[in-house]
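Here's a quick briefing to read alongside the model. Have the viewer open and follow along.

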Amino acid sequence: MTDPVLSIRNLNIDYIGAEKDFHAVKDVSFDIAPGEFFGLAGESGCGKSTIAFAVSRLHRPPALIRKGSQILVGGRDVLALDDNELRSFRWREVAMVFQSAMNSLNPVLTIETQFYDVLRAHSRISRAEARTRAAELLKLVDISPDRLSSYPHQCSGGMRPRIVIAICLALNPKLLIMDEPTTALDVVVQREILQRIDVLRKELGFSVLFITHDLGLMVQVSDRIGIMLEGELVEVNDAQTIYRTPQHAYTKRLWASMPKLHGEQIREGAQS
Amino acid sequence: MSDAILALDNVSKTFGRGDNPVYAARSVSFGLHAGRTLALVGESGSGKTTAARLIMREYTPDEGQLLFRGTPLGKANAKALKAYRASVQMVFQDPFAALNPTHTIRYHLERPLRLHQPKLNAKERTAAIEELLTRVKLDPALLMPKYPHELSGGQRQRISIARALAVNPQVIVADEPTSMLDVSVRLGILNLLNDMKAQLGLALLYITHDIATARYVAEDIMVMYAGQIVEWGNTESVLTNPQHPYTRLLLSAVPDPDRRFSDTRFSEELNRIEIIRRQSALPQPETREVAKNHFIRPMPE
């Protein structure tokens with residue numbers, strides 16, 4: 001097997017409190033292979049977003065990564081990077097699409113300027129070259145290059161997350177982290193976006209760390225899935241196994257609490 | 001339709017004027033029946049919430065009318081309107097915004113009782129609040145003195161339901177009541193709505209974009225797009241045998257672990273979606289029965 005893009009070992013993260021620390025991530029270890037679509041599922045407060053932030057070192061105090069934790073991206077120790085190294089690491093190695101990606105564009109800058117910002121900060125590039133590159137990137141997500149001169153509010157709710165994704169792909173990152181990128185969107189738009197990501201990662205070869213609490217969606221798009229419960233990674237397996245033959249009691253309970261679209265309905269009162 | 005507690009009869013509502021009006025409701029008709037749940041599904045902007053607001057009389061229809069127990073509401077006097085509000089209650093999407101952060105749970109439940117049952121004395125009111133909290137499976141002694149921020153999302157949504165039940169309503173309109181809750185909490189709220197329907201004989205309008213939960217709670221379903229109900233009828237019939245292209249599109253987009261994403265040419269798919277959307281937005285005046293209790297408005301050729 002080739003070397004993993006992301007390798008997390010014994011990750012422990014605490015939120016430091018005045019009286020008591022909150023142990024948000026407990027001894028979590030997993031790998032993501034090149035080109036792999038990895039899903040991380042769990043309920044609010046289970047630590048999944050904390051892990052996503054830690055991978056790109058975006059976590060802020062009071063979050064504290066404990067000694068002995070290890071995060072390797074392409075073999076490099078992320079936790080040992082200094083500020084300069086971090087600056088070139090972000091976007092170039094790991095790019096992140098945040099929750100409610102709709103609102104993460106700057107409302108007072110045109111789409112073109114927002115591409116230029118990222119490209120300029122990470123490479124020597126002229127305005128004209130940046131425009132050409134931005135137009136290419138927009139085409140990847142099925143958006144017409146005319147949109148470059150638009151402001152975010154002129155783009156629809158389905159377009160904005162796609163623009164954010166295009167910006168994230170600007171520097172060909174090895175790993176794209178998506179933290180509930182489509183939660184606020186309806187199913188048709190959500191499907192458009194995720195299907196696009198699925199096609200792109202096969203074309204461009206990046207890996208995806210996808211975070212959501214929608215298990216059904218996750219099984220549809222992911223190769224492998226990790227299930228988190230109260231800071232622990234309780235089960236990691238390929239998507240079909242997680243769906244058809246879940247091993248952990250919590251995974252089984254999660255499935256038992258999801259109404260089905262067709263076939264036999266779950267029985268009422270499958271309480272957690 | 002005649003035995004419906006609440007009915008919308010050919011209701012239309014348009015926002016904006018001039019060249020680009022938004023048709024939020026176009027000749028919408030449906031009835032809510034005691035002991036039954038009707039689901040209204042569709043994507044954002046399809047007019048689902050407009051339908052709820054028309055029922056709550058936050059909007060007045062441009063055309064058509066609301067019928068409450070067969071009587072048109074248009075000419076109702078103040079007393080009749082108060083009775084209407086006591087009969088028709090709403091549960092909102094966001095349990096974090098629906099409760100006043102500066103008031104206790106007790107206050108939230110006491111207020112509707114004071115307004116609509118002024119004859120109750122303090123002791124009777126407390127008893128009524130305790131009964132309401134027990135009904136939504138919360139511990140009265142524990143919850144009454146608490147403030148909303150001390151509660152989880154699921155607990156807050158139960159409080160919203162208890163508040164709606166405080167006036168002994170006959171109709172509850174629930175607008176995406178579980179979309180902001182965790183998966184494991186959702187089922188508890190859906191089961192609670194099911195229990196209320198069965199025990200109190202409520203008529204429920206369940207508005208959602210989550211079709212799987214609609215199937216779980218609703219006997220009947222309506223699919224809405226661009227202000228029109230394009231397909232409606234028995235839930236199983238509509239979901240297993242969808243006839244309108246928009247319903248099929250919506251169903252194909254619902255997350256379903258049984259179907260992995262295919263590698264179909266994506267741009268072709270997008271084109272297809274655009275065409276269906278554009279055609280579904282055109283007026284579709286005809287109605288065709290495609291099976292027993294299953295109707296569509298066929299798209300114009």
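Let's start in chain B, where strand β9 (residues 220-225) and β10(B) pair in the antiparallel sense over six bridges. Strands and helices here are DSSP runs, of at least two residues for strands (E) and at least four for helices (H or I), numbered from the N terminus; two strands pair if DSSP finds at least two bridges between them. This is a predicted model, so to speak of local features pLDDT must be at least 70, and side-chain atom pairs count only at pLDDT 80 or more, while totals for chains, interfaces and linings use all residues. Residues are numbered from 1 along each chain as its sequence is written, chains are lettered from A and ligands numbered from 1 in the order written, and side-chain values use heavy atoms, leaving out hydrogens and water.

**Around β10(B)**

- Across from Gly233(B) in β10(B) you'll find Ile221(B).
- The β9(B)-β10(B) hairpin has two residues between the strands, and Ala226(B) takes a positive phi near 50 degrees there.
- β10(B) (residues 228-234) is mostly covered, with five of its seven residues buried; buried means under 20% relative accessible area, exposed over 50%, and partly exposed in between, with a 1.4 Å probe and protein chains only.
- β10(B) also runs antiparallel to strand β12 (residues 294-296) of chain B, joined by three bridges.
- Phe295(B) in β12(B) is the bridge partner of Trp232(B).

**Aromatic pairs**

- The whole structure holds eight aromatic pairs over all chains; rings of Phe, Tyr and Trp (its six-membered ring) pair if their centres lie within 6.5 Å, and planes under 30 degrees apart count as stacked, over 60 as edge-to-face and the rest as tilted.
- One of them is Phe37(A) with Phe210(A), edge-to-face at 5.8 Å centre to centre and 80 degrees between the planes.
- Phe37(A) sits in strand β3 (residues 37-41) of chain A and Phe210(A) in strand β9 (residues 207-212) of chain A, so the pair ties together parts 173 residues apart in sequence.
- Phe37(A) is buried at 0% relative accessibility, and Phe210(A) is buried at 1%.
- Trp232(B) and Phe295(B) are stacked, 5.5 Å centre to centre with 15 degrees between the planes.
- That pair links distant parts of the chain, 63 residues apart.
- Trp232(B) is partly exposed at 21%, and Phe295(B) is partly exposed at 22%.

**Helix α1(B)**

- Six of the eight residues of α1(B) (residues 48-55) are buried, so the helix is largely enclosed by the rest of the structure.
- Among the buried ones are Leu54(B) and Ile55(B).
- Arg57(B) follows α1(B), with a positive phi near 60 degrees.
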